[in-house]
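Subject: Structure for you to look at

Dear colleague,

I am handing over the structure we spoke about, together with some notes that you can read beside it. Please open it first and keep it in view while you go through the rest.

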Amino acid sequence: MTDPFEVSRDSDTSLAAHDTTPEVPTFALLPGDGSIPSALATLPDDILVAILGSLDIRDVIALRRVSLPGAWSYQALTGLVFQVSRGLDRATKLRSLWVLLAHREVLDRQLPWPSYALPLTIVPTKTIEEYVLRATKLGRQWAPGAESQLRPFSRCIVRPPNSIGWLRVVKGRWLILELIGKQLEVWDLQNGQGSEPVASCRGLKGIIDGSCITFGESSVTIILSTSSYVTNHLNINLPYLGDTMLPPNFTLLDNFEGYSGLLDVQAGLAVFSRSISDIRPLVRDMRTGSIVYFGSSDATQKPQRLLSARILQEYIVLIGPWTIEIYSIAKILSLMLYGDNHTPCKVAHASQSLGYPGGHMANHVTVLDPSTGPSYKKGESEVCVGIYVNWTAKWMRLHIRLGSNSDSSTFTSSVHPLFHTMEFRTIACCWGESGQRMLLAVCHRARIQVICGVAPSNPDLPYPDFDDHVAFKWDAAPDGEKDLFAGFAFDEATGICAVATSSGRIWIDDFSKPFSACWGSEDNLSWAEVRCGSVP
């Protein structure tokens, strides 16, 4: 009986026509129905997922590539070469497979995963795959102690000089930026080198001085406060990476006047830095319009300038340069409902106050995602804060846990050292959502440099040498000594960053792409060329 996998070097179907590499032996498959290779693809999906889920992600992608029409897989197993069934291409795109890989390769390893892509049930399969591939690439490149590299930017968006204000990278795909006094613009970073925004919104009054973004399955809600004490509530449809939808379009949902410096919005409550009639911070009920001002704690005896705020389930946490103060939401709501209506200003006082390590002043404060800290315990509230302590010149992650009783005056906290800035003078910083990665704009040798840092693998180690925890480092722009830094945007989980300068240039990079996808140093446009408008 003839073996269906017997090879013949005289066959007209020799694979030599498909491969010219001399090291690879040339074999041929005898004519047949291919039933044995196809049998693998006919297995139930759950079995296929179990098999493919045990492979390395790179092997899964390689299997898909050789499953395309006309593609061949050369395997030196028993001297035979098999053509992989095209049915496996479908198996490598199963949603259950990529959900499994997302948990195994990213979430279980506590690599950064975007909070806007949780739960996984709201995210398209193609997007889950994209985020998993990016997370694993970045996990290798951003590993503590990874070799520092001089990396050029991959794209430049040019706007009018001195026009760029607020900017954010949204869903790892969209850059939303403010042209001061003109409009909001949306740029698609996934598709090509477009020279025009894909959507814009005019009519903002004043300069944006506070923002809060919430994510839906196919849209994003943006609340923006301005220096003119006008707050705008906008909605825009923005698909995920790899997803397709109608072009983005802004919709104005609401606007109201009287408040500025928006810090956080959750569960119908909004924290502002000040009102048009009072410089004290306040919380506003977005449904009823009731407001309560924040007073001093017993520790400070006076209100402090706010750097950030976070609304939790039972608490509102106000973060200032000297202390972190904690207010009970139950008491605030009680004041809104039952307070003395004859009192012009209802005031809530802090029940707890926490100073920074060593009693020193902190700046560059950012509220982080606490899910990357110690395991969450049901019934507890927690906040994780990235801080820079001026006196020590060190970056730290401060994790605070609060009890479930809103009247409790007890809390626990822990400090995780991250970076030491050494001789660099920091101009600005942009923390990643988890606090595991960050961007720094520094002044070094009379020019602006952007440094990307990564946290040490063991947070309990003594303060690390900053240079040992830098993944990439590069100039903010060619001829950077002639330009000024204007702003940052950073999506930690997808590796997308944007650096704005006063000349109107916005430099974009995608850390998940190799250098070949970026401009080489000899290809970087000069400052004079960009100023003349040679960049689209």
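This is a predicted model: local features need pLDDT of at least 70, side-chain atom pairs count only at pLDDT 80 or more; totals for chains, interfaces and linings use all residues.

The structure holds 10 aromatic pairs. In one of them, the ring centres of Y116 and Y131 are 6.2 Å apart and the planes stand at 75°, so this pair counts as edge-to-face. Since Y116 belongs to the loop between helix 5 (95–107) and helix 6 (125–141), while Y131 belongs to helix 6, the pair ties together parts that are 15 residues apart in sequence. Y116 is buried, with a relative accessible area of 7%, and Y131 is also buried, at 2% relative accessibility. The pair of F256 and Y259 likewise has ring centres 6.2 Å apart, here with planes at 65°, so it too is edge-to-face, and both of these residues are buried. If you look around Y116 and Y131 again, you will find that ring pairs link them with W113 and F215 into a cluster.

The charged end of R284 sits over the ring of F256, 4.1 Å from its centre, and R280 lies over the face of Y293, at 4.9 Å from the ring centre.

Turning to the strands, 4 of them form an open sheet in the order 4-5-6-7, with antiparallel pairing. Strand 4 (164–170) and strand 7 (199–202) stand at the edges with a single partner strand each, so one side of each has no neighbour in the sheet. On average, and with direction ignored, neighbouring strands of this sheet are turned by 15° against each other. Inside the sheet, strand 5 (residues 174–179) and strand 6 (residues 183–188) pair in the antiparallel sense over 6 bridges, and the bridge partner of L175 in strand 6 is W187.

Finally, the largest nonpolar core has 27 residues, and those with the most contacts inside it are L97, W98, W113, I128, Y131 and V132. Helix 2 (45–52), helix 3 (57–65), helix 4 (87–91), helix 5 and helix 6 each supply at least two residues of this core, with helix 5 giving the most, namely 5 residues. Leaving aside its neighbours within four places in sequence, L97 is in contact with V49, L52, G53, V60, A91 and T92. A second, separate core has 19 residues, including C430, L439, C452 and W474.

With best wishes

Notes: Residues are numbered from 1 along each chain as its sequence is written. Side-chain values use heavy atoms; hydrogens and water are left out. Rings of Phe, Tyr and Trp (its six-membered ring) pair if their centres lie within 6.5 Å; planes under 30 degrees apart count as stacked, over 60 as edge-to-face and the rest as tilted. Buried means under 20% relative accessible area, exposed over 50%, partly exposed in between (1.4 Å probe, protein chains only). A charge sits over a ring if NZ of Lys or CZ of Arg is within 6 Å of the ring centre and within 35 degrees of the ring normal. Two strands pair if DSSP finds at least two bridges between them. Axes are lines fitted to C-alpha atoms, for helices over the stretch in contact, and angles run from 0 to 180 degrees between N-to-C directions. A nonpolar core is a set of buried Ala, Val, Leu, Ile, Met, Phe, Trp, Tyr and Cys residues joined through side-chain atoms within 4.5 Å. Contact means heavy atoms within 4.5 Å.
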